[in-house]
Amino acid sequence: MIIKHLDRLNTRLLKEYSEGIFFINCEGDIMFSNEAAFKLTGNEHKQKSQQLTALIHKSKQQQAQELFQRALKGEKVHFSTTINHKTKEELHLYITLIPIIVNEQVAGVYAVCRDDSKEQERSNHISQLETHLKMEQKLANVGSWYYDVTEDKSYWSPQLHNIYGLNPNRLFTPSFKEVLQFINGCDQKRLEKAVAEALSTGESYKIEYALMRPNGEERTVFEQADALVDEQGNVIQLIGVVHDITESKVITNELKQKEQQFQTIYNNLDAGI
């Protein structure tokens, strides 16, 4: 039945299609593959007994077989998998299984495949970059955040949670009103004013303020933020960083005290220097 169905298809179009296409019967045997499929897998599927699942890495074969059975029941499914390539060690593919319906019955399955390696590399690169940025923020004690004006939602990096003395694993991001509760006295109004001006004018701001962690510990931070505007000039996002400068502030104050002490001693010396 599937062979007759294939004869009615425009096989020339399928052969020249840029993505790999397999025609698979209900037993899982490959009946046809186009040139793109050959290039993807490095195999010529001339033997009818050859199965698509046999090309897939052993660790992924059970999953592929289960998804194939779902396609035989009339369901369109998508999945990423790894195949054993003829010339490469392995290749990541994104496969869509489409049931072939003939006379209201599933007569086989189309398997449309594309190379997912670049997407995998991109995903791995992004994951590594995120890990690297998190490590850098932790070492430098710098946290990052952004605020989506239209959706009224905020995102905090894990290190920013740490700076505020909050658990980064709680998946909790304080609202701006809640943030103000952490900030000491007149610094609240200064920060509130800076944010309001950024939202109304689109200008960036820099501000230093003291915050109180839930455990009662006081920290001094430096915050810098930029506004992103749309084509109409409306602010749609605020993006900022918060640097915990508590330790450096202590050192600076100690140096100032030492300098003042030295200056006092110098000014009161009777002998010329």
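**Pocket, cavity and cores**

Q: What is the volume of the largest pocket?
A: In this predicted model, local features need pLDDT of at least 70 and side-chain atom pairs count only at pLDDT 80 or more, whereas totals for chains, interfaces and linings use all residues. Residues are numbered from 1 along each chain as its sequence is written, and side-chain values use heavy atoms, with hydrogens and water left out. A pocket is an open set of points on a 1 Å grid over the protein atoms alone, with protein on both sides within 12 Å along at least five of seven lines, and its points are joined across faces, edges and corners, the volume being the space filled by probe spheres set on them. On these terms, the volume of the largest pocket is about 390 Å³.

Q: Which residues that line the largest pocket are the closest to its centre?
A: Lining residues have an atom within 4 Å of a point. Of the 22 lining residues, the closest to the centre are Y147, S154, S175, F176 and V179.

Q: How many nonpolar residues does the lining of the largest pocket have?
A: Ala, Val, Leu, Ile, Met, Phe, Trp, Tyr, Cys and Pro count as nonpolar, Asp, Glu, Lys and Arg as charged, and the others, Gly among them, as polar. Beside three polar and three charged residues, the nonpolar residues in this lining number 16.

Q: Which residues have the most contacts inside the largest nonpolar core?
A: Such a core is a set of buried Ala, Val, Leu, Ile, Met, Phe, Trp, Tyr and Cys residues joined through side-chain atoms within 4.5 Å, buried meaning under 20% relative accessible area with a 1.4 Å probe and protein chains only. Two or more residues are given to this core by each of β6, α7 (158-163), α8, α9, β8, β9 (218-229) and β10. Within its 25 residues, those with the most contacts are W145, Y164, L191, Y205, Y209 and L238.

Q: How many residues are in the other core that lies apart from it?
A: I24, I30, L93 and C113 are among the members of this other core. Its residues number 23.

Q: How much space lies in the largest cavity?
A: A cavity is a set of grid points where a 1.4 Å probe fits but cannot get out, and one cavity of 30 Å³ or more is counted. Its lining includes I24, E27, Q51 and F79, with two or more residues from each of α4 (52-55) and α5 (58-72). The space in this largest cavity is about 110 Å³.

Q: Which element gives the largest share of the lining of the largest cavity?
A: By class, this lining has seven nonpolar, four polar and one charged residues. The largest share, three residues, comes from α5.

Q: Is L166 buried or exposed?
A: L166 lies in the loop between α7 and α8, and it touches (heavy atoms within 4.5 Å) W156, H161, F172, P174, F182 and P214, not counting residues up to four places away in sequence. The C-alpha atoms of L166 and P214, 48 residues apart along the chain, are separated by 7.7 Å. Because its relative accessible area is 12%, L166 is buried.

Conventions:
Buried means under 20% relative accessible area, exposed over 50%, partly exposed in between (1.4 Å probe, protein chains only). Helices (H or I, at least four residues) and strands (E, at least two) are DSSP runs, numbered from the N terminus.
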